[in-house]
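Hi everyone, thanks for making time for this one. I'd like to walk you through a model, starting with its loops and then moving on to sheets, rings and annotations.

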Amino acid sequence: MSYKKLGLYPPNPVTVRGASTKLSSGKDKVVYTSGRTVLIAFNLQSFAPRFSQLKEIARQNPGITTSYSGHIQNATVARLSPSGYYCASADITGKVNVWDTVGEDQVLKGEYKVISGRVNDLSWDGESKRIIAVGDGKEKFGYAFMMDTGSSTGEIIGHSKPINAVSIRHQRPFRAATAGDDNVIVFHSGAPYKYEKTIKTHTKFVQDVQYAPSGDHFASVGSDAKIFLYDGKTGDTVAEFTDSPHKGTIMACSWSPDSKNFFTSSADCTVKLWDAQAQKAVTTWTVGSGVSHQQMGNTWSGTSDLVSLSMSGDLNVFDPRTGDKPVRVLSAPQKSITAIAPSSSGTFLTGSADGRVYSNSSSTQETRVLEGESHSNHVSGLATSSTDGTTYSIGFDDLVREISPSGTSFVPASAPTGAQPKSIAVAGDASVFVAEIGKVEAFRSNQKVFEQKTSFEPSAVGASGTLVAIGGEDRKVRLNEWDGKTLKEVAVLEGNQGAVSALAFSPDGKYLASGDSSGKLILFDPKERKLVTSRWAHHTARINSLSWTADSAHCASGSLDTHVYVWSVAKLMKNIPIKNAGPGGVNGVLWVDGGVGKGGKLVSAGFDGCVRGWDVTFHA
């Protein structure tokens with residue numbers, strides 16, 4: 001009875017309105033941060049034609065995406081060293097972590113407190129030895145240091161306000177350019193790095209500065225919608241790009257590997273490709289309109305993949321050879337995943353803390369946001385009907401929404417709940433039960449058909465056929481019979497040590513698993529109305545999610561303690577622990593292939609927005 005990692009559905013970068021989001025790349029990988037997690041994702045555009053080979057690719061590179069969870073606070077920027085062996089990532093407290101990308105262990109090479117506030121950007125030198133980190137410090141806005149010791153290698157001075165970006169020339173003689181909110185670019189010579197001169201070309205905040213890979217030039221972009229090109233060795237201004245300019249703040253620029261072109265992403269919802277020598281716009285792509293399509297960051301990945309980030313979190317992949325629209329749009333959550341449920345064959349649904357619901361393909365590892373009107377706030381539950389495959393969702397906007405059986409879009413109609421919904425379950429006759437503050441309600445065809453005020457505080461609900469189980473904060477589970485019109489209480493099951501937080505009937509209806517806020521999982525027999533075992537008590541914090549295999553032989557539990565356990569009904573004392581399965585806590589677990597036979601494929605999702613796959617082998 002064991003498990004191995006299968007791969008990862010990565011979240012997308014977190015965006016903040018009016019602030020540039022730093023993306024970077026190394027060869028064919030795209031590197032970015034999302035919450036406390038750093039992600040190194042292979043640019044999946046290159047895999048698009050051969051998704052059938054994904055399992056083989058995943059076998060050769062375990063996990064097409066690598067995640068690093070070594071930050072305690074939210075990470076802001078991450079960049080791979082030119083050698084590709086290390087990654088430097090920084091957070092909002094001014095700490096930089098340098099860690100190994102080659103092994104699976106992600107060994108920490110060094111942890112350095114470089115400035116007293118948020119780090120906005122960092123850059124490696126061409127020898128993968130020195131790093132300059134810049135941001136919003138109190139006594140200084142930047143720090144140049146050796147990657148292995150953290151000792152200073154010069155000083156970054158000349159700015160009077162926070163620094164937004166830094167770029168180091170990769171060839172000797174080394175040079176560095178920093179750009180800040182004081183509307184200036186400061187040019188440094190090195191190493192050790194020292195102040196050379198101040199460049200006053202921009203009239204508003206300078207958002208990004210980037211050296212060309214050849215080191216001959218560097219470019220700067222800013223809130224004044226202007227683009228300037230400079231000599232890489234001297235820092236002299238070469239030209240201003242005035243051909244078909246952007247109409248809004250330019251958030252980022254990135255160079256092509258051959259240093260002949262660069263592209264810019266702007267808050268005017270456009271992405272432009274520029275010829276550096278001719279100083280003209282080669283191609284303009286318009287992504288959409290409105291705030292959600294403002295472009296907040298970009299990076300040039302591989303030879304021809306231009307990746308630009310929308311305010312909504314979508315990663316738009318452009319190809320210079322094809323005009324007018326992105327060749328691919330990668331959607332994924334930007335916030336925590338709060339709910340999970342099965343959908344049509346080969347896909348499962350995840351709900352996030354910002355109200356969106358995503359469809360995830362278990363065969364191609366693609367994630368898509370559902371079409372139609374979504375929740376406006378935190379998705380607190382998802383449940384799928386075993387009869388017709390329709391999925392229902394509840395959110396903190398106090399609505400029950402219906403998702404089409406194909407799992408691609410929301411049905412336009414919705415039903416309001418009487419109070420804030422906490423948990424959802426679907427009975428055999430497709431009645432949807434919702435546990436709310438102080439009451440339980442039932443819905444059918446987007447109409448409320450039943451309401452029951454309770455003497456206890458309901459916290460979880462589960463359903464199988466005509467049986468409906470309601471868990472309360474009083475540590476009891478009440479079994480009810482549903483006749484299509486009303487609920488009749490038939491038994492009270494006791495044994496939980498805390499408020500009941502998750503309920504799940506086995507598919508054959510023989511068992512009811514009840515997880516609570518103390519981390520204890522109790523197994524009941526609902527027909528005999530008795531306790532089967534109370535020994536499933538390995539979790540140390542609230543159990544958030546339960547999932548049964550299709551043969552009712554194993555149950556998986558995900559908890560706030562970051563662990564996932566797989567429990568066996570036949571061998572009650574045996575379990576498979578998947579420790580640290582989700583940094584920050586696991587909010588959802590699901591068997592994606594039924595889990596019948598000797599093993600199964602399990603996914604877990606939670607606080608960090610990642611969905612992780614596990615190949616579990618059961619005890620013989």
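Let's begin with Pro173, which is found in the loop between strand 13 (163-168) and strand 14 (175-180). When I say strand, I mean a DSSP run of E with at least two residues, while a helix is a run of H or I with at least four; both are numbered from the N terminus. The peptide bond leading from Arg172 into Pro173 is cis, with omega near -5°.

Before I go further, a word on the ground rules. This is a predicted model, so local features need pLDDT of at least 70 and side-chain atom pairs count only at pLDDT 80 or more, while totals for chains, interfaces and linings use all residues. Residues are numbered from 1 along each chain as its sequence is written, and side-chain values use heavy atoms, with hydrogens and water left out.

Back to the loops. Another cis peptide bond joins Ala191 and Pro192, with omega about 0°. Pro192 sits in the loop between strand 15 (185-189) and strand 16 (194-199).

Asn446, in the loop between strand 39 (439-444) and strand 40 (447-453), has a positive phi near 60° although the residue is not glycine. Ser552 also has a positive phi, near 60°, again in a residue other than glycine. The loop that holds Ser552 runs between strand 49 (543-548) and strand 50 (554-559). Is Ser552 buried or exposed? Ser552 is buried, with a relative accessible area of 4%. The cut-offs here are under 20% relative accessible area for buried, over 50% for exposed and partly exposed in between, using a 1.4 Å probe and protein chains only.

Four strands form an open, antiparallel sheet in the order 17-18-19-20, where two strands pair if DSSP finds at least two bridges between them. Strand 17 (206-211) and strand 20 (237-240) each have a single partner strand, so one side of each is left without a neighbour in the sheet. Strand 17 is joined to strand 18 (residues 217-222) by five bridges.

Next, a hairpin. Strand 25 (residues 295-301) is mostly covered, with seven of its seven residues buried. Six bridges tie strand 25 to strand 26 (residues 305-310), and the two run antiparallel. Ser301 stands opposite Asp305 in strand 26. Three residues lie between the strands of this hairpin, and Gly302 takes a positive phi near 65° there.

On to the rings. How many aromatic pairs does the structure hold? The structure holds 20. Rings of Phe, Tyr and Trp (its six-membered ring) pair if their centres lie within 6.5 Å; planes under 30 degrees apart count as stacked, over 60 as edge-to-face and the rest as tilted. Tyr143 and Phe145 give us a stacked pair, 5.6 Å centre to centre with 15° between the planes. Both Tyr143 and Phe145 are buried. For Phe228 and Tyr230 the centres are 6.5 Å apart and the planes at 35°, so that pair is tilted. Phe228 is buried at 6% relative accessible area, and Tyr230 is buried at 0%. Phe228 and Tyr230 belong to one aromatic cluster with Phe187, Tyr211 and Phe218.

Let me pick out a couple of polar side chains too. Asn261 is in strand 22 (residues 261-266) and is buried, at 18% relative accessible area. A polar atom of the Asn261 side chain lies 3.3 Å from the backbone oxygen of Trp274. Thr533, in strand 48 (residues 530-536), is buried at 6%. A polar atom of the Thr533 side chain lies 3.1 Å from the backbone nitrogen of Arg535.

Finally, the annotations. In the model, residues 243-284 are 0% helix and 55% strand, with end C-alpha atoms 12 Å apart. Residues 536-569 are 0% helix and 53% strand, and their end C-alpha atoms lie 11 Å apart.

That's my tour, and I'm happy to take questions.

Terms used. A polar contact is a pair of N or O atoms within 3.5 Å; within protein, one must be able to donate a hydrogen and the other to accept it, and residues adjacent in sequence count only if both atoms are side-chain atoms.
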